[in-house]
Amino acid sequence: MYNVVFVLGPPGSGKGTICSKIQQNLGYVHLSAGDLLRAERERAGSQFGALIENHIKNGSIVPVEITCSLLENAMIASKDANGFLIDGFPRNEDNLEGWKKQMGGKVNEQFVLFLSCPVDVCIDRCLHRGQGRTDDNVESLKKRVETYNQQTFPIIELFEKVGMVREVNSERPVTEVYDDVVKVFATANQK
Ligand SMILES: Nc1ncnc2c1ncn2[C@@H]1O[C@H](COP(=O)(O)OP(=O)(O)OP(=O)(O)O)[C@@H](O)[C@H]1O
Ligand SMILES: Nc1ccn([C@@H]2O[C@H](COP(=O)(O)O)[C@@H](O)[C@H]2O)c(=O)n1
Ligand SMILES: [Mg+2]
């Protein structure tokens, strides 16, 4: 059974940055739902390229059947990992229900790492990220934040109700954020 940690937080809260450090040091494999969708968008012959780009530009959420299959295929391709960091998923009810349907019984969900950071700081980070993302502009960011507030935060609250959320304030320098995240993993893995 795969160990899974969901990593959630507003756009630009530092999910990818922290996940890549955990991957380097703790042996978890980092799977970013957004990165997998961007790779599928670029894949020659994909039937989903235009649909994915439309959702990404509008900050809306791609149907779970597409995203969950990309995640499961990536997990199968790294089946010897200690565990997986599922970055940016589940983002809404459709994601959560689809995941349960497709992955229920196949995974051990350890906890949800919630990187909390004020939205104005997050937006500023995205606008200065310099990766040429088609959604790092003021118009798309407004929509992404709205989607986060209306659809993703309620999912975090659902996980909170069942005691699965570990919140780390990611407004601080990366080294400080990472130190706290390592403590969260140490506690979870000593059980
Ligand atoms: N703690 C931090 N302090 C300052 N800058 C940070 C911090 N964490 C990440 N950054 C920077 O902010 C930008 C966004 O970080 P990152 O891509 O990790 O966020 P994300 O949560 O994955 O965003 P998205 O949801 O848009 O994919 C990057 O340029 C990154 O270098
Ligand atoms: N579960 C998800 C995750 C992402 N998306 C789409 O990708 C965009 C970028 O995601 P990042 O995590 O890389 O910021 C996001 O705004 C969505 O359009 C998705 O549909 N479902
Ligand atoms: Mg990211």
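How many aromatic pairs does a search of the whole structure find? The search turns up 8. Keep in mind as you click along that this is a predicted model.

**Stop 1: an aromatic pair**

Select Tyr2 and Phe84 and show their side chains. The ring centres are 5.3 Å apart and the planes stand at 90°, so this pair is edge-to-face. Now colour by secondary structure. Tyr2 belongs to strand β1 (residues 2–8) and Phe84 to strand β3 (residues 83–87), so the pair ties together parts that lie 82 residues apart in sequence.

**Stop 2: a cis peptide bond**

Next, select Phe89 and Pro90 and look at the backbone. The peptide bond joining Phe89 and Pro90 is cis, with omega at about 0°. To place Pro90 in the fold, look for the loop between β3 and α5 (93–103).

**Stop 3: ligand 1**

Now centre the view on ligand 1, which sits in the largest pocket. Show the surrounding residues: there are 16 of them, and the closest are Lys15, Thr17, Arg129, Arg144 and Arg172. Which helix provides the largest share of this shell? Select helix α1 (residues 15–26), which contributes 3 residues. If you colour the shell around ligand 1 by class, you will find 4 nonpolar, 6 polar and 6 charged residues.

- Arg133: an N or O atom in its side chain is 3.1 Å from an oxygen atom of ligand 1.

**Stop 4: ligand 2**

A polar atom of the Arg133 side chain lies 2.9 Å from an oxygen atom of ligand 2.

- Arg38: an N or O atom in its side chain is 2.8 Å from an oxygen atom of ligand 2.
- Asn95: an N or O atom in its side chain is 3.0 Å from a nitrogen atom of ligand 2.

How much of ligand 2 does the protein bury? Taken alone, ligand 2 exposes 450 Å², of which 96% is buried by the protein. The space that ligand 2 takes up is the largest pocket.

Finally, bring up the whole shell. 17 residues surround ligand 2, the closest being Arg38, Ser60, Val62, Gly88 and Arg133. Highlight helices α2 (33–42) and α3 (49–58): each supplies at least two residues of the shell around ligand 2. Which element gives the most to this shell? That is α2, with 4 residues. Coloured by class, the shell around ligand 2 shows 6 nonpolar, 6 polar and 5 charged residues.

**Before you close the viewer**

Notes: Residues numbered from 1 in each chain as written. Chains lettered and ligands numbered in written order. Predicted model: local features only at pLDDT ≥ 70, side-chain atom pairs only at ≥ 80, totals over all residues. Heavy atoms only, no water. Near = heavy atom within 4 Å. Polar contact = N/O pair within 3.5 Å; in protein donor to acceptor, adjacent residues only side chain to side chain. 1 Å grid on protein atoms, 1.4 Å probe; cavity = no way out; pocket = protein on both sides within 12 Å on 5 of 7 lines; lining within 4 Å. Sits in = over half its atoms within 2 Å of the grid points. Nonpolar A, V, L, I, M, F, W, Y, C, P; charged D, E, K, R; others polar. Phe/Tyr/Trp six-rings, centres within 6.5 Å; stacked < 30°, edge-to-face > 60°. Areas by Shrake-Rupley, 256 points an atom, 1.4 Å probe, with all protein chains shown as cover.
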